Amino acid sequence: MHEMSIAMNIVNIACKEAEKDGASSISNIELDVGKLSGIMIDSLQFCYDSVCKGTLAEDSTLSINELTALAKCKQCNDSFEIDAFMALCPNCESYEIEILQGRELKLRAVSVN
Ligand SMILES: [Zn+2]
């Protein structure tokens with residue numbers, strides 16, 4: 001499962017950070033997840049709980065900031081919100097768009113005890 005390996009990676013990185021800081025445990029991990037990242041948030045939450053067992057992140061919570069997807073039209077420079085990779089510019093109907101935001105998967109913050 002895709003989300004399982006993502007959860008393992010996140011918890012791994014967060015635990016290393018917490019260890020470096022000499023923390024006894026992690027209380028919260030904050031993530032940015034873009035709408036076009038292909039990640040199922042429910043599934044990630046579920047995997048997170050099982051991956052945390054036996055680590056510094058055990059009993060921690062996962063906060064996910066879901067980022068909307070934004071694109072800019074290469075023809076008319078208009079920017080707009082999209083919900084798929086293939087989208088039409090609402091202004092000039094061009095398909096030549098550049099995705100500005102929405103593919104993110106970023107570890108934003110790790111709160112430790
Ligand atoms: Zn346009």
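This is a predicted model: local features need pLDDT of at least 70, side-chain atom pairs count only at pLDDT 80 or more; totals for chains, interfaces and linings use all residues.
Local features need pLDDT of at least 70 and side-chain atom pairs pLDDT 80 or more, whereas totals for chains, interfaces and linings use all residues. Residues are numbered from 1 along each chain as its sequence is written, and side-chain values use heavy atoms, without hydrogens and water.

Helices (H or I, at least four residues) and strands (E, at least two) are DSSP runs, numbered from the N terminus. Helix α1 covers residues 2-20.

Buried means under 20% relative accessible area, exposed over 50% (1.4 Å probe, protein chains only). The buried residues of α1 are Glu3, Ile6, Ala7, Ile10, Val11, Ala14, Cys15 and Ala18. They lie on the same side of α1, because they cover an arc of only 160° around the axis, taken from the directions from the helix axis to the C-beta atoms. On the other side, Lys16, Glu19 and Lys20 are exposed. The buried residues pack against β1 (26-34), α2 (41-52) and β6 (105-112).

A nonpolar core is a set of buried Ala, Val, Leu, Ile, Met, Phe, Trp, Tyr and Cys residues joined through side-chain atoms within 4.5 Å. The largest has 20 residues. Val11, Ile26, Ile29, Leu44, Tyr48 and Ala57 touch the most other members. Helix α1 gives the largest share, seven residues. A second, separate core of ten residues includes Ala69, Cys73, Phe80 and Ile82.

Technical notes. The expected span of a helix is 1.5 Å times one less than its number of residues. Contact means heavy atoms within 4.5 Å.
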